[in-house]
Amino acid sequence: MTQPNALPEVVFPGGESRPALGLGTWRLGESAARRGAETKALRLALDLGWRVFDSAEMYGEGGAESVLGDALAGAMRQGLAREALFVVSKVYPHHASRAGVVAACERSLRRLKLDSIDLYLLHWRGAEPLAETLAGFAELQRRGWIRRWGVSNFDLDDMEELFALDGGAACSANQVCYGLGARGVEFDLLPWQQARGLPLMAYSPLDQGALVGRGGAASLRAVAARHGASPAQVALAALLARPGVMAIPKAAQEAHLRENLQAAALALDAADFAAIERDFPAPQRKQPLAII
Ligand SMILES: NC(=O)c1ccc[n+]([C@@H]2O[C@H](COP(=O)([O-])OP(=O)(O)OC[C@H]3O[C@@H](n4cnc5c(N)ncnc54)[C@H](OP(=O)(O)O)[C@@H]3O)[C@@H](O)[C@H]2O)c1
């Protein structure tokens with residue numbers, strides 16, 4: 001098993017550092033016919049040095065967690081230390097009552113074949129009062145089933161409400177849609193999180209592939225050409241340049257897995273950012289949180 005490249009890191013509350021690049025798993029585990037190929041892709045990702053994995057009970061209704069669990073178990077049988085990994089999963093809002101969170105987490109752990117989840121997120125806000133969900137997360141921490149908890153798809157007003165609750169400031173991350181095509185969080189949410197040392201996990205950082213496909217932006221292609229890099233690497237490097245941001249692109253193809261991991265080595269300069277800015281201007285006012 002090769003060692004991961006020196007990736008930039010994000011620091012979680014309390015000082016724990018983890019790579020600022022993780023691998024998404026949405027759309028995995030949806031078909032039994034593809035399961036073997038998907039497990040192989042995740043094993044390759046582990047061999048290449050990916051160490052942070054983002055999943056959810058929603059993805060393939062548990063299928064993505066199962067595929068990920070198979071791949072992680074295989075890598076750990078071959079000597080990869082559990083502590084080297086950072087596994088993220090999410091609970092459905094309709095399971096987010098105090099008792100529901102505990103039951104959902106137990107199912108996720110079984111599928112992931114792990115004793116604990118490193119970061120467990122409320123996938124989005126639903127009808128359950130946040131205080132109920134926090135009580136469930138606290139119970140999971142007491143049991144040692146999760147190390148940290150956080151939220152997803154929370155805009156600034158949601159975060160302020162959360163932090164005003166008893167225990168709410170113990171939140172470890174907020175995972176939101178963030179990429180060059182969706183920069184709204186830079187106006188208010190990202191600075192708010194940075195000021196509190198609260199990592200922002202950027203989901204769909206490649207706009208589900210649209211940002212870097214054939215219709216992708218000319219500026220990304222131009223900057224990429226200047227560096228002998230790819231547009232995807234430029235799109236990811238632009239996010240990784242911001243403190244406290246972890247990007248979690250999904251990739252199943254070997255070329256993408258290799259390419260995205262190398263994005264961390266790409267240092268963009270002021271001219272690059274100015275070129276990118278022309279196609280993807282920074283927000284000048286509050287924008288509603290993008291949600292996929
Ligand atoms: N919390 C939430 O509500 C939420 C919502 C959406 C997503 N997420 C998480 O965020 C992860 C990433 O988001 P996403 O899956 O929506 O979209 P994404 O990461 O923006 O894009 C994934 C797509 O881009 C392609 N791709 C990857 N690397 C590429 C490269 N170097 N060049 C060209 N194409 C490339 C992938 O192709 P291949 O797969 O064929 O390699 C895939 O089709 C998800 O998997 C999930 O874990 C969370």
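Is glutamate 61 buried or exposed, and how many C-beta neighbours does it have inside 10 Å?

Reply: Glutamate 61 counts as exposed, because it has 12 C-beta neighbours inside 10 Å. The cut-offs are 20 or more other C-beta atoms within 10 Å for buried, 12 or fewer for exposed, and partly exposed in between, with C-beta atoms placed from the backbone. The model is predicted: local features need pLDDT of at least 70 and side-chain atom pairs pLDDT 80 or more, while totals for chains, interfaces and linings use all residues. Numbering starts from 1 along each chain as its sequence is written.

Glutamate 61 sits in the loop between β4 (52-54) and α2 (63-77); helices (H or I, at least four residues) and strands (E, at least two) are DSSP runs numbered from the N terminus. Its phi is positive, about 45 degrees, although the residue is not a glycine. Lysine 113 is another non-glycine residue with a positive phi, of about 60 degrees. Lysine 113 belongs to the loop between α3 (98-112) and β6 (117-122). It counts as partly exposed because 16 C-beta neighbours lie inside 10 Å.

Alanine 45, in helix α1 (residues 35-48), counts as buried because it has 24 C-beta neighbours inside 10 Å. Not counting residues up to four places away in sequence, alanine 45 touches Leu23, Trp50 and Leu257 (contact: C-beta atoms, placed from the backbone, within 7 Å).

Alanine 290 lies in the segment after α10 (270-279). With 19 other C-beta atoms within 10 Å, alanine 290 is partly exposed. Outside four places in sequence, its contacts are Cys177, Ala182 and Gly184. For alanine 290 and cysteine 177, the sequence separation is 113 residues and the C-alpha to C-alpha distance is 5.8 Å.

Next, the helix packing. Helix α7 (residues 218-227) packs on α8 at an angle of about 95 degrees, with the axes 8 Å apart (axes are fitted to C-alpha atoms, for helices over the stretch in contact; angles run from 0 to 180 degrees between N-to-C directions). α7 and α8 are therefore roughly perpendicular (under 35 degrees is roughly parallel, over 145 roughly antiparallel, 65 to 115 roughly perpendicular, the rest oblique). Leu220, Arg221, Val223 and Ala224 of α7 make this contact with Pro231, Gln233, Val234 and Ala235 of α8. The contact residues comprise six nonpolar, one polar and one charged (nonpolar: Ala, Val, Leu, Ile, Met, Phe, Trp, Tyr, Cys, Pro; charged: Asp, Glu, Lys, Arg; polar: the others, Gly among them).

Helix α8 (residues 231-240) also packs against helix α9 (residues 254-262), at about 40 degrees and with axes 8 Å apart, so α8 and α9 are oblique to each other. Here Ala232, Gln233 and Leu236 of α8 meet Glu259, Asn260 and Gln262 of α9. That contact has two nonpolar, three polar and one charged residues.

Finally, the ligand is surrounded by 28 residues, the closest being Gly24, Trp26, Gly209, Ala232 and Lys250 (near: C-beta atom, placed from the backbone, within 6 Å). Helix α9 supplies the largest share of this shell, three residues. By class, the shell has 11 nonpolar, 13 polar and four charged residues.

Key
Contact = placed C-beta atoms within 7 Å.
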